[in-house]
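Hi,

Here is the structure I promised to pass on.

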Amino acid sequence: GPVPSRRLGRSMGINNIPPKICTYSCIYCQLGRTTTMPINRQQFYSPEELLEKVEEKIKKTRERGEHIDYLTIVPDGEPTLDENLGKEIELLKECNMKIAVISNASLLWKPDVRQDLLDADWVSVKVDAVTSSIWRKINRPHRKLNLKKILEGATKFSNEYEGELTTETMLVQNVNDTAQELAKIA
């Protein structure tokens, strides 16, 4: 990036975890099946090294005469699996740009995850289904995840968070697109 985004203007994506480490293996994932499915957070990269690489990219982007509206944490997996996410957001704020995080919401039941996201300016959480059987079919979650706890965590986060919160839903024909499920999601 930066790449044009219909929601975020010119967005520079940041991979804070290695590819295909996710709590879900969604049937529609453009990257294919998830290869590593943890639910426990861990450290992947040094937050300071991540900041250094982002600052280098910002400098090169500005040298080309381009601007960036958002630094967007949107890896090829689930960003909240990174136990350094809060520190990374804190450090990225030093770049004087808005910070966005795009998450599948699967770990919002964890208080530390909600806490880490509070300093982001814009957070998007995925809600593809609110019926457990449909959720399991479309998102193929880690077997220990519980949809009710995730939705409760999302509600808690929405009550705590002061930035811009959005949701995303991928509609898959004959999976989560019934009028009943759509009404529940809405």
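Ser103 sits in strand S4 (helices, H or I of at least four residues, and strands, E of at least two, are DSSP runs numbered from the N terminus). Before you go on: this is a predicted model, where local features need pLDDT of at least 70, side-chain atom pairs count only at pLDDT 80 or more, and totals for chains, interfaces and linings use all residues. Residues are numbered from 1 along each chain as its sequence is written, and side-chain values use heavy atoms, with hydrogens and water left out.

With a relative accessible area of 7%, Ser103 is buried (under 20%; exposed is over 50%, partly exposed in between, 1.4 Å probe, protein chains only). Its side chain makes a polar contact of 2.7 Å with that of Glu78 (N or O atoms within 3.5 Å, one able to donate a hydrogen and the other to accept it; residues adjacent in sequence count only if both atoms are side-chain atoms). The Ser103 side chain also reaches the backbone nitrogen of Ala105 at 2.9 Å.

Now for helix H2 (residues 85-92): 6 of its 8 residues are buried, so the rest of the structure largely encloses it. Among them are Leu85, Ile89 and Leu92.

In H5, the buried residues are Leu147, Ile150, Gly153, Ala154 and Phe157. They cover an arc of only 120° around the axis (taken from the directions from the helix axis to the C-beta atoms), which puts them on the same side of H5. Lys148 and Asn159, on the other side, are exposed.

Cheers
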